[in-house]
Amino acid sequence: MSPKFIDREKKTAEIARVALECFTSHGYGATSVGQIARAAGIGKGTIYEYFDTKADIFFTAVLEWMKRLEDQFSERLDAVEDPVDRLRLFVEMSAAIVDPFDPGLARLSIDVLRHTLLQDGALYKRRHLMKEIHTGMRRIVITILLEGISRGIFRPEIARDAEKLAINLLGYLDGISLHSLISEGDFNLREQIEFSLESILRLITSDQAAYRIASKDPAGRCRGV
């Protein structure tokens, strides 16, 4: 009987997906390699055939999470044409990454942040990962802004500051989301973000587009003005 062929890349991804669920449910510190192995239905020794350390598993699991998010962003944003609606959707999806009412997601987000920033963190030596993710998110916002300018929806003069606007928006989203987690959800995160986004839209939209936006609620329904 010929030996069973194992697709190493596929198996690594399968273990990472199972590990992601474990890290989301229990957190990095409370998750052991043995737990991951049991959840994956394999022996603990088999795990080490694919990963050297738990930190390696965490890194690969986070990459799996980020890829999943990237696919979700692309799929949903590609289905929306209007730049204003696309910006709203982008902000909404970004806020959902750190949801104080989803303990598992909030725990995972905090773990990723902590292990990226602290020198003893599992992701500290690989913090280029977070930089690449933020750069990708920044490009999405810049693309939306420039598209809005080309269609006469956003003011043309904001083109020179598109990157700064994108950096500030992402910085705000990171900050307000972290503040919400620290405050244990004692304010409505989505309401606060929507309030700030509408303020930004009033500043960057052209006069004609501003009238059209003001005539609709955030869901796009006419207000009858």
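This is a predicted model: local features need pLDDT of at least 70, side-chain atom pairs count only at pLDDT 80 or more; totals for chains, interfaces and linings use all residues.
Residues are numbered from 1 along each chain as its sequence is written, and side-chain values use heavy atoms, with hydrogens and water left out. Local features need pLDDT of at least 70 and side-chain atom pairs count only at pLDDT 80 or more, whereas totals for chains, interfaces and linings use all residues.

View 1. Helices are DSSP runs (H or I, at least four residues), numbered from the N terminus. His115 is buried at 5% relative accessibility, where buried means under 20% relative accessible area with a 1.4 Å probe and protein chains only. Leaving aside residues up to four places away in sequence, His115 touches Tyr28, Phe58, Gly121, Ala122, Leu123 and Tyr124 (contact: heavy atoms within 4.5 Å).

**View 2. The aromatic cluster formed by Phe23, Tyr28 and Phe58.** Rings of Phe, Tyr and Trp (its six-membered ring) pair if their centres lie within 6.5 Å, and planes under 30 degrees apart count as stacked, over 60 as edge-to-face and the rest as tilted. The rings of Phe23 and Tyr28 are stacked, because their centres are 5.7 Å apart and their planes at 25°. Tyr28 and Phe58 form a tilted pair, with ring centres 4.7 Å apart and planes at 50°. Tyr28 lies in the loop between helix H1 (8-26) and helix H2 (33-40) and Phe58 in helix H4, so this pair ties together parts 30 residues apart in sequence.

Technical notes
Buried means under 20% relative accessible area, exposed over 50%, partly exposed in between (1.4 Å probe, protein chains only). Helices (H or I, at least four residues) and strands (E, at least two) are DSSP runs, numbered from the N terminus.
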